[in-house]
Amino acid sequence: MLYINLLGNLDINNELLEKVVAVEILNLLRPMVAVSVWVANIGIGMHQFPEAAKQLQNGGNQYIEMFLQETRRYYPFFPFAVARVQKDFEYEGFKLKKDTLTLLDLYGTNRHPKDWSQPETFLPERFINWKQTPFNFIPQGGGNYDFGHRCAGEFVTMSMMKATIHYLIKYISYDVPEQNFDFNFNFNFNDIPAVPSDGFTINNIHYL
Ligand code: HEM
């Protein structure tokens with residue numbers, strides 16, 4: 001059990017540390033909860049694309065990596081990132097005024113036909129010899145880690161997803177009961193984030 005004594009802890013100005021502790025706990029919890037959504041999406045992907053799932057068993061680490069990248073590309077999660085324009089500027093003919101609320105379409109960018117062939121198809125193999133730029137694949141924000149808005153935890157996210165998939169394919173077997181996997185039912189695109197509405201249900205779990 002997590003036990004934190006907030007009352008006795010003061011900072012150098014004799015102020016209680018509650019706010020700092022609350023922020024740090026949230027910093028810990030938020031990414032874990034976030035990655036759990038992709039854990040559900042891994043299960044859905046393995047179920048909806050059994051041919052690809054079969055290859056996970058014998059395709060080695062490279063195929064696992066490609067399957068996970070395709071999961072992050074194919075399924076929506078953070079549909080967009082929000083920002084406010086800091087000063088007037090023009091971009092490719094669009095005039096953006098200071099203080100305008102803008103949305104960066106993360107999901108749409110990951111399916112943009114200019115960068116992705118057959119974007120509506122789940123195809124892990126597309127990541128063989130794939131050329132990444134800071135802006136063509138942005139499920140966790142774009143740009144680079146140092147100066148852009150790319151998620152600092154992207155490597156950690158991938159590690160957590162790899163650990164999950166190893167567990168699913170090596171340590172357990174399970175059944176997938178009847179449930180609705182229709183894309184438009186399962187993902188509500190008005191939600192932020194667009195999490196699978198019923199999660200992913202498995203039963204008859206056996207430890208191998
Ligand atoms: C499903 C998993 C995750 C998603 C979808 C996600 C998404 C994002 C996005 C979109 C941003 C950029 C926000 C912006 O500047 O506009 C971001 C930033 C950030 N993420 Fe994540 N994240 C995830 C997991 C994680 C994990 C596991 C960690 C830590 C271990 C993490 C740590 C951070 C940090 C520290 C930033 C701020 C980076 C900065 O401003 O320099 N994230 N994330």
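E154 and R72 are both buried, where buried means under 20% relative accessible area, exposed over 50%, and partly exposed in between, with a 1.4 Å probe and protein chains only. Their side chains meet in a salt bridge, 3.1 Å from N to O; the term stands for a side-chain nitrogen of Lys or Arg within 4 Å of a carboxyl oxygen of Asp or Glu. E154 lies in helix α5 and R72 in helix α3, so this pair ties together parts that are 82 residues apart in sequence.

A quick word on the background. This is a predicted model, so local features need pLDDT of at least 70 and side-chain atom pairs count only at pLDDT 80 or more, while totals for chains, interfaces and linings use all residues. Residues are numbered from 1 along each chain as its sequence is written, and side-chain values use heavy atoms, leaving out hydrogens and water.

Now, let's stay with α5. Helices here are DSSP runs of H or I with at least four residues, and strands are runs of E with at least two, numbered from the N terminus. Which residues of α5 are buried? They are E154, T157, M158, M161, T164, I165, L168 and I169. Seen down the helix axis, they fall within an arc of 125 degrees, so they line one face of α5; the arc is taken from the directions from the axis to the C-beta atoms.

Back to the charges, friends. The structure holds nine salt bridges. One of them joins E120 to R111, with the closest N and O atoms 2.6 Å apart. E120 counts as exposed at 54% relative accessibility, whereas R111 counts as buried at 10%.
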